[in-house]
Amino acid sequence: MIDAAKIKKDFPLLNQKMNGQPLVYLDSAATSQKPQAVIDAIKDFYERHNANIHRGIYRLSEEATELYEGAREKVQKFIRAKETKEIIFTRGTTESINLVAYSWGRQNIEKGDEIIVTEMEHHSNLIPWQLLAKEKEAVLKFIPIDDEGRLKITKLDSLLNKKTRLLAITHVSNVLGVVNPLKEIITKAHSNGTRVLVDGAQAVPHLSVDVSELDCDFYAFSGHKMLGPTGIGVLHGKRELLEAMPPFMGGGEMIKEVTKEGATWNELPTKFEAGTMPIAQVVSLGTAIDYLNGIGMENIWQHEQMLIAYALEKVTAIPGVKIYGPLKPKDKGGVLSFNIGEIHPHDIASIFDEEGIAIRAGHHCAQVLHRRLGIPATVRASFYLYTDQSDIDKLIGAIKKAKQLLL
Ligand code: C6P
């Protein structure tokens with residue numbers, strides 16, 4: 001079992017006051033806090049190893065390159081990818097998905113083709129496909145959700161047909177916390193000859209992911225939600241697909257030979273890493289992975305299961321609070337979205353803020369989902385390895401206070 005109170009001490013930002021109260025950070029789905037080890041890794045890189053990678057024929061540059069490529073190996077092992085060539089560094093989940101939409105999408109989607117997404121997608125896994133569909137005159141279809149916020153998987157059979165080229169789906173919903181049954185969905189899609197892209201932004205930080213076992217074609221995630229710095233993310237793609245895809249961005253490093261007339265492309269993964277990459281961010285993402293491995297992803301998942309079970313039990317007992325998503329912790333991560341009567345979520349967030357509690361209020365970049373739920377916005381509390389039961393107790397206290405003041 002995780003000792004969250006002890007883990008908290010590794011995160012300097014969490015040991016401070018906000019509005020005169022001890023900070024209760026319940027917005028890890030937006031971005032996670034960083035342990036001292038990650039902060040030190042960034043500082044250490046700039047103090048001792050900073051040089052551009054893959055370019056310099058001098059020791060310092062070789063050192064920086066080794067650290068950068070070492071981090072790629074850590075990512076590969078962390079998500080159990082087959083080889084490092086399948087790991088592309090990007091700015092984050094959003095850029096990873098846009099890379100696939102731009103490169104694979106423009107090569108493989110034609111007029112009349114169909115792309116399936118779900119009603120629970122984050123805009124990052126919806127807008128790139130809307131843009132592509134518009135440009136190519138392709139059709140976008142949606143797997144609906146039920147009233148508990150789970151996907152209606154049985155509907156997938158009637159959505160899949162000969163024209164379905166791609167299914168783009170989130171692993172874990174950033175609003176409902178639902179963990180989608182990917183294995184079953186990917187098997188169905190593949191037996192129809194449909195490629196699958198998984199948005200893993202809310203999964204990789206919280207549970208053990210095995211992309212080889214899932215057999216997905218593309219898998220995207222962000223470093224900043226998994227204890228790493230901002231500005232760094234990952235796209236995993238099957239090698240044969242990445243090999244066949246044209247570059248996303250042109251520039252330095254991604255080329256092999258350049259003439260006045262044209263160019264040939266570098267080997268994977270460099271073909272997709274144009275220009276100077278965020279080197280310190282990649283290296284410190286590796287440190288974040290070391291930290292997560294030190295705790296154990298299975299332990300982190302169990303800890304969040306305990307927290308969500310506790311939170312669901314306490315919050316469902318408060319009259320007038322409506323929770324969105326499954327009410328049982330099974331297949332649900334540490335995300336709790338709710339409303340209190342008719343109070344606007346922004347007013348609730350302001351009251352929580354006075355108590356030192358940081359939560360997110362709004363549509364959480366999932367407007368299609370909120371439309372389906374029949375509401376414009378929700379309040380969202382999201383947990384991580386440093387969240388403990390006392391944080392949830394403070395949340396419960398703040399919900400009661402908001403009710404008293406505003407209802
Ligand atoms: N969700 C949230 O508060 P980026 O911004 O590229 O790192 O991640 C985008 C993204 C993609 N998919 C899912 C499921 C996500 O949750 C997010 C980011 C944050 O829910 C910020 S909007």
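Let's start at the ligand: one of its oxygen atoms is 2.5 Å from an N or O atom in the side chain of Thr94. Keep in mind that this is a predicted model.

| Side chain | Ligand atom | Distance to an N or O atom of the side chain |
|---|---|---|
| Thr94 | oxygen | 2.5 Å |
| His122 | nitrogen | 3.3 Å |
| His224 | oxygen | 2.7 Å |

How much of the ligand does the protein bury? Taken alone, the ligand exposes 510 Å², and the protein buries 88% of that.

Now for the neighbours. The ligand is surrounded by 17 residues. Thr94 turns up again here, as one of the closest, together with Asp199, Gln202, Ser222 and Arg360. If you sort the shell by residue type, you get nine polar residues, four charged ones and four nonpolar ones.

Where does the ligand sit? You'll find it in the largest pocket.

The domain assignment gives two pieces to keep track of: domain 1 (4-30 + 296-402) and domain 2 (40-293). So domain 1 is written as two stretches of the chain, while domain 2 is written as one. Where the domains touch, domain 1 brings 37 residues to the contact and domain 2 brings 33 residues. Their centres, taken over C-alpha atoms, are 28 Å apart.

Why do we say that the ligand lies between the domains? Because domain 1 and domain 2 both give residues to the shell around the ligand.

Notes:
Residues numbered from 1 in each chain as written. Predicted model: local features only at pLDDT ≥ 70, side-chain atom pairs only at ≥ 80, totals over all residues. Heavy atoms only, no water. Near = heavy atom within 4 Å. Polar contact = N/O pair within 3.5 Å; in protein donor to acceptor, adjacent residues only side chain to side chain. Areas by Shrake-Rupley, 256 points an atom, 1.4 Å probe, with all protein chains shown as cover. 1 Å grid on protein atoms, 1.4 Å probe; cavity = no way out; pocket = protein on both sides within 12 Å on 5 of 7 lines; lining within 4 Å. Sits in = over half its atoms within 2 Å of the grid points. Nonpolar A, V, L, I, M, F, W, Y, C, P; charged D, E, K, R; others polar. Domains from an automatic or database assignment. Contact = heavy atoms within 4.5 Å.
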